[in-house]
Structures are given as structure tokens and as C-alpha cells.
Amino acid sequence: MRTTPMTLRARALAAALLLLAGAAMPGCGCSQRDALGAGTDAAVADGAAPDARAGDGPRADGPRRDGGGPDGPSWDAGTCAEPRTWQAQPRRITAVALFDGPAPRLNATERLEVEVQLQSGCEVLAAVDDLGYPGNATDFVDLAATAWVPTGACTPDAPRVTTVITIAGRQQGNVHVVVTDHNGPGGGGVRLTYDREPVTQMACLPSSPPGTVEEGGDCWTDCSCAAGLACIGYYGFIGETWSCLRPCLDLRDCDAPESCPRFVADGPQLTCLPTTDQCQGTADCPEGFTCIHADDGNFCQDQRPWATLGACACDAECPPGQHCSLFFAEPRCAAWCDRDAVCPNPAAAQVLVCGTPNVCVPLE
């Protein structure tokens, strides 16, 4: 996940609002929400995978789903066999590689596949953030990985999980790139170096206006593309191709009916692509979505209602899919996230964004 200046501002605002919310909500009045852990699409390099979407906390009898909205409880809380909460902790990045595609091009969106070492089988990857900056002659991509870690005993398995982050072309300044692990041994351990191919056809700066090329059209840099699109390189039937597309991690970043395929033999991977059916059944959808069968094609419909931040002692006291997570010195029922798109946003509710530390909080 690339942390853009706008995202940083949203997170700063969200963190301040979270403090206010904590003071205003001494009890637990939460709405049901299905689990959507960050790194849902993470692949396991070795070892058993933690369930990034369902969580591992004890749930006893579990809450009952009753519908509802942001103004009151919509579930019956379960009871805690024992207090158990989650806390965000830094984790080591073991490897970084360029995501599938042709050689990187300066000022075109590029993606990195990042491998993170967890310390137990119960941990869940929260996010990988880019804290880097363009230097005078080198772009420094300083990655910081975070995992949700539960209290109490856990399995000794320590899997490695992977996720993909994007580096927007407008935020690039140099041909040479150094990727470091912010949480590595001693901090700043180098994980990858590479060079981008320079492009002379079009300057692309953060202040440059959007281009005119529509989705699917050819591009040189991100500034070739219309607003909301990125210049993505991939291999197709005709060889190396650069097109204006929408990068994604899963279909929550896309519209219906679109898919976000991870493996494509003759086209772009992890981009929003048209499809007749997003799903055949609910199992094909992200957690919290239901497969709707319609005459013009099946699609995954978001069923996640409002998520508040009520006090808790374990996951069983939280609505389905939320986790009793420790932040700002006390545990709260939280919907985990690694980007804004994974937060539940019912039409009648206030807008939620992905705040610090990787939980969904009100924007306004």
C-alpha cells in the first residue's frame, strides 16, 4: 500500500477523531460487520497461513446478527472465556521483488511484492506502508510492515506472507531506487535496488494535471492517463504493453461487475478488469460480501454495516468480523484495514477511512 500525502492527511484526521470517539463511547454499542483483515490476499511463502479475514480470537457463543446501523447495537455480545486482545506490532520484511511486468519506467506506476516474516501462526498481516522519499539522486522506498498480534498462547508456526504495494508515478523522482526495511535489523536494512527506464516523452510531477488517455489506452507515464488511472506495464499477446488501468488488490478496489485477477497469462495482473460474473457463490467474494445473482451477471454485494469502536475484553464481545484491538491505551472493537476501500461504508452511515493503527474510523 502506497501512503500518499492525501492518505497521510486522512489518517492524521482519523487519529484525532479516534481520540474523541474513545472519550465519547464508554460502552460497547456496535453494529455487525464481517471480518476484513488487512492483507486478505496475502500468499503464504512457507508455513501455515493465518486466516487474515476471520481472525483467531476466541468467540465463545458469538454475537447474533440483528442488522441495525450506526445509532445503536445490532448484535448480542458473546462472553469472554478469557480476556484476549490484539495489538499492532512491527515485523521484519524478509524479501522484496518487482511485481510481474516489464522493467520499471520512471513516472509510471510500479508495484513491489513484499514478503513479511510473522512470529506465530496466530498473527495477521496488518499493512506494509511506504515511509520513503525521493532523494537528490535516489528514490528511497522505506517499507514498514505491521502485524496484528494476539495476547495469550499461540501456535509456534511462523509463516511468511506476501502482499503487493504500489508506487505511484507522480511520487517518483529518480531513476535509481533503494528499497529498505524500516523495521529490519538496526532499521533501514536494504532489501532491493533497481533502476527505472527514463522517459523523455512527458514530464510527470505531483503538480502535473491529469492526462486525457482513457482506461485501456496506451500511455507513457501516469500523467498520460485521465484522473483515477495509472500507467501499468504488462505482457500481452503483442508483447510489452503500457496501458492506463486501475491497480487493485482485490475486487473491493473495483466496481461491479469487475474482477481483480492475481494471475493473467496474457494481460495485466491485479488491475480492475470487466467480467460477466464476479462470483458464482458467496465463497468467491471477500468476507462480508454476498454473491447476488442477477440477470445481467452475478456480483459481490457489500453487506457490511457500520463499524463503531466500543470497549471490549475479547473478540467475542465484538460484532462479527471486528476484533478487540488495543490502541490509544484501551481495547476497542475495531474493523481492521490496510486501505480505505476495505472499510464498511453503508449508504446511510458516516464515511469510514483507514486510520492509525490500521482500523476503520470516521472521516468526519
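This is a predicted model: local features need pLDDT of at least 70, side-chain atom pairs count only at pLDDT 80 or more; totals for chains, interfaces and linings use all residues.

**Entry 1: charges over rings**

I began with R105, whose charged end sits over the ring of W242, 4.2 Å from the ring centre. For this I asked that NZ of Lys or CZ of Arg be within 6 Å of the ring centre and within 35 degrees of the ring normal. I also found R262 over the face of F263, at 4.8 Å from the ring centre.

Residues are numbered from 1 along each chain as its sequence is written, and side-chain values use heavy atoms, with hydrogens and water left out.

**Entry 2: aromatic pairs**

How many aromatic pairs does the structure hold? I got three. My rule pairs rings of Phe, Tyr and Trp (its six-membered ring) if their centres lie within 6.5 Å; planes under 30 degrees apart are stacked, over 60 edge-to-face, and the rest tilted.

One of them is W86 with W336, edge-to-face at 5.0 Å centre to centre and 80 degrees between the planes. W86 lies in strand β4 (residues 86–98) and W336 in the loop between β19 (330–334) and β20 (352–355), so this pair ties together parts 250 residues apart in sequence. Strands here are DSSP runs (E, at least two residues), numbered from the N terminus. Both W86 and W336 are buried; I use buried for under 20% relative accessible area, exposed for over 50% and partly exposed in between, with a 1.4 Å probe and protein chains only.

Next I looked at Y133 and F140, a tilted pair with 5.5 Å between centres and 35 degrees between planes. F140 is partly exposed, at 33% relative accessible area. I also noted that W86, W148 and W336 form one aromatic cluster.

**Entry 3: disulfides**

I counted 13 disulfides, taking a disulfide as a pair of cysteine sulfur atoms within 2.5 Å. I looked up a few of them.

C122 is joined to C154, S to S 1.9 Å. The torsion about their S-S bond is about 120 degrees, so this disulfide is right-handed. The link spans distant parts of the chain, 32 residues apart: C122 is in the loop between β5 (110–117) and β6 (124–130), and C154 in the loop between β8 (138–150) and β9 (160–167). Are the two ends buried or exposed? C122 is buried at 10% relative accessible area, whereas C154 is partly exposed at 30%.

C204 and C223 came next, with their sulfur atoms 2.2 Å apart. Their link is right-handed, with 80 degrees about the S-S bond. Both cysteines are in the loop between β11 (189–195) and β12 (230–236), 19 residues apart. C204 is buried at 2% relative accessibility, and C223 is buried at 5%.

C225 lies in the loop between β11 and β12 and C244 in strand β13 (residues 239–245), so the pair ties together parts 19 residues apart in sequence. C225 is buried at 1% relative accessible area, and C244 is buried at 0%.

Methods. Helices (H or I, at least four residues) and strands (E, at least two) are DSSP runs, numbered from the N terminus.
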